[in-house]
Amino acid sequence: MMNAAQPFPELSWSWTRNQTFLNCRRWYFHAYYSSWGGWRREASNLSRHAYRLKRLVTLDQLFGISVHNQIHRMIDHSQKMTVEAFTASVRKALNRAFWDSKNKQEEWYEHPCDINMLHEMYYDGELPKQKIEEYRERMTVIANHLLSSQTFMEIFDGKGKRIKLITSERFRMFELGGIKVWVVMDLVYQDQESGKFVVVDFKTGKPSSSDRVQLLLYALFLKEAFNLPSLDQMELRNEYLAQGKYTSFTPRQTELEYVQSLIQTSFEEMKSCLRIPEQNVPLDMEKFEQTKNRAICRRCAFQELCDRG
């Protein structure tokens, strides 16, 4: 049983939290409850173990993080990189994580927040050569598509002088019916001539049906933050860097109402898993059901805490 006196943070909602909740309740329990406070000396063995596993990162996650880091580096410094410089920086980050995963396991065990440990290296002991080659190829493809993307053309080549950058991947929070909602937007900028806000999400993987919903969540925040009287003042855009394509649309009020309903329903389901709702204290671990989808299990950082073979 979790310690009821342990100070959990206030229950809030985010896209990532929602996706984890939908994927596997047990994964959700470890990600947001058993791992909480695991960095403290007085933490239980379970909390320390879960916190350590929470710091694992898959190669795909690290690749996306590294690509996004270079995107924001260019935007923050108002200077495009060459394809060669971009791929070199991403490759350096991946190589460092591989080296750390292979040679710094003891240091990671003691200080997991300071060292990258690859999920694949931790559980499988190696990275398949085919996967390494695949990411080498993806780096160059994504670099070329990014530098010629609609968003980069507007920022660096075309409308640059009349564009005002609003945000570049920062945590933002807004309240929706008493629910604290967190968003992390890749990029928001405003065309100062038209007054239109452009919200951009850079994707390094395959298009998903949830991509549009994620952008609508950002639209909710933007409408609230800037008190926009009309949704026509927004363009929501997904840049699919692996495919070299983008999609964009103007949100409709009915779509925003759908997302509001989704958040409220999801939040209530999360609350139903709490023993002391006002303190965000969860039910016992056994009440959080494990997924039956083994493909999800293989992606989960906490798989060694489950009693499955």
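Tutor: Helix 3 contributes three residues to the lining of the second largest pocket, the most of any element. Helices (H or I, at least four residues) and strands (E, at least two) are DSSP runs numbered from the N terminus. This is a predicted model, where local features need pLDDT of at least 70, side-chain atom pairs count only at pLDDT 80 or more, and totals for chains, interfaces and linings use all residues. Residues are numbered from 1 along each chain as its sequence is written, and side-chain values use heavy atoms, without hydrogens or water.

Student: What makes a residue part of the lining of a pocket?
Tutor: On a 1 Å grid over the protein atoms alone, a pocket is an open set of points with protein on both sides within 12 Å along at least five of seven lines, and a lining residue has an atom within 4 Å of a point. Here 13 residues qualify, with Gly38, Trp39, Arg48, Glu110 and Pro112 nearest the centre of the second largest pocket. Helix 3 (45-54) and helix 6 (105-110) are the elements that give two or more residues to that lining.

Student: Why is the protein chain called as compact as a globular protein of that length?
Tutor: The chain has twelve helices and ten strands. Its radius of gyration, taken over C-alpha atoms, is 21 Å, close to the 19 Å that the globule rule gives for 309 residues, so the chain is as compact as a globular protein of that length. The rule is 2.2 Å times the number of residues to the power 0.38.

Student: Why does Asn238 count as buried?
Tutor: Buried means under 20% relative accessible area, exposed over 50%, and partly exposed in between (1.4 Å probe, protein chains only). Asn238 has 2% relative accessibility, so Asn238 is buried. Asn238 lies in strand 7 (residues 234-240). Not counting residues up to four places away in sequence, Asn238 touches several residues, including Asp201, Arg212 and Tyr246, where contact means heavy atoms within 4.5 Å.

Student: And why is Ser148 called partly exposed?
Tutor: Its relative accessible area is 46%, so Ser148 falls in the partly exposed class. Ser148 sits in the loop between helix 8 (129-147) and helix 9 (150-157).

Note on methods. 1 Å grid on protein atoms, 1.4 Å probe; cavity = no way out; pocket = protein on both sides within 12 Å on 5 of 7 lines; lining within 4 Å.
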